[in-house]
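Take a walk through one part of this fold.

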Amino acid sequence: MLQSHMRRAAASGRTTEQIGPFLATFATDSTNPYLNYAIPDDGATPSPSDVEGLTAAYRRRELLPRVEFLVDTAPAAETALLAAGWSVERRIPVMLCSPGSVVTPASAAGIELVVPESDDEIRGMIAVQNEAFGQSADVPDSEIAKTRDRLRDGGFAVLARDVATGAAAGGGVAEAVVDGTSEVGGIGVLPAYRRRGIASAMTAFLTTAVHDAGGRTVFLTPDGIPEQRLYARVGYEPAGAMVHLVR
């Protein structure tokens, strides 16, 4: 069920191409590798020509060939990709939080959590997310429009704001609930505001909002052990692993 949800989410708003047993997705206005990747069909057993075609499709577009998927859904796909010269970019756990399991942390002193509504609030949220993940803090109007579209279509967002100055300190989002499932992601906090419990508070805020909207399965993928521990304190539990491969 999770892999099906990830496949639908990856295809939303992107150009797609079925290449053998791979659904290849391409962002229309970004070369960011995390927005351009393929997902194998469940139980996929790619041939060498399938892998060659997948690699060529991304190189034609001057993009890094990437694949993301839950390990258990297509183990033969990983074997085929590695045999063709692809390599493991990273393996990360997948964590779930069921309704009633959220542990809401104490409020971070001097920080308020709000749902961004104005253009300035949305811009501030995206800017701190970008900066937190080492990207440009410049936010074009098109990104604000896309975020508005996602929120209008049932998505979720949170902005952590410094009460004293009004400055954006952190941000995060969650997908619209589809078939009872949603993913929380993009939890980012500016360096000056870290180690104050803001990331935990935003994660709990978003997860509770998704549950309140009818989401039964809420998942996320932590970047490392520290993040995994953080999410565990909010009520998330390990539920498998995801692999990212690149060529």
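Buried means under 20% relative accessible area, exposed means over 50%, and partly exposed lies in between, with a 1.4 Å probe and protein chains only.

A word on the source. This is a predicted model, in which local features need pLDDT of at least 70, side-chain atom pairs count only at pLDDT 80 or more, and totals for chains, interfaces and linings use all residues. Residues are numbered from 1 along each chain as its sequence is written, and side-chain values use heavy atoms, with hydrogens and water left out.

Which strands join strand 10? Strand 5 (residues 87-97) runs antiparallel to strand 10, with three bridges between them. Two strands pair if DSSP finds at least two bridges between them. Met 95 stands opposite Leu 220 of strand 10. Strand 9 (residues 181-189) runs parallel to strand 10, again through three bridges. Here Ser 182 has Val 218 as its bridge partner.

Strand 9, helix 6 and strand 10 form a right-handed β-α-β unit. Right-handed means that, with the strands pointing away from the viewer, the path from the first strand over the helix to the second runs clockwise.

How far apart are the end C-alpha atoms of helix 6? Helix 6 covers residues 198-212, and these atoms are 21 Å apart. Eleven of the 15 residues are buried, so helix 6 is largely enclosed by the rest of the structure. Among them are Ile 198, Met 202, Leu 206, Val 210 and His 211. Gly 214 follows helix 6, with a positive phi near 105°.

Two residues other than glycine also have positive phi. Glu 62 has a phi near 55°. Glu 62 sits in the loop between helix 2 (48-60) and strand 4 (66-70). Its relative accessibility is 72%, so Glu 62 counts as exposed. Asp 179 has a positive phi of about 55°. Asp 179 lies in the loop between strand 8 (168-174) and strand 9. At 52% relative accessibility, Asp 179 counts as exposed.

Notes. Helix = DSSP H or I, 4+ residues; strand = E, 2+ residues; numbered from the N terminus. Expected span 1.5 Å × (residues − 1).
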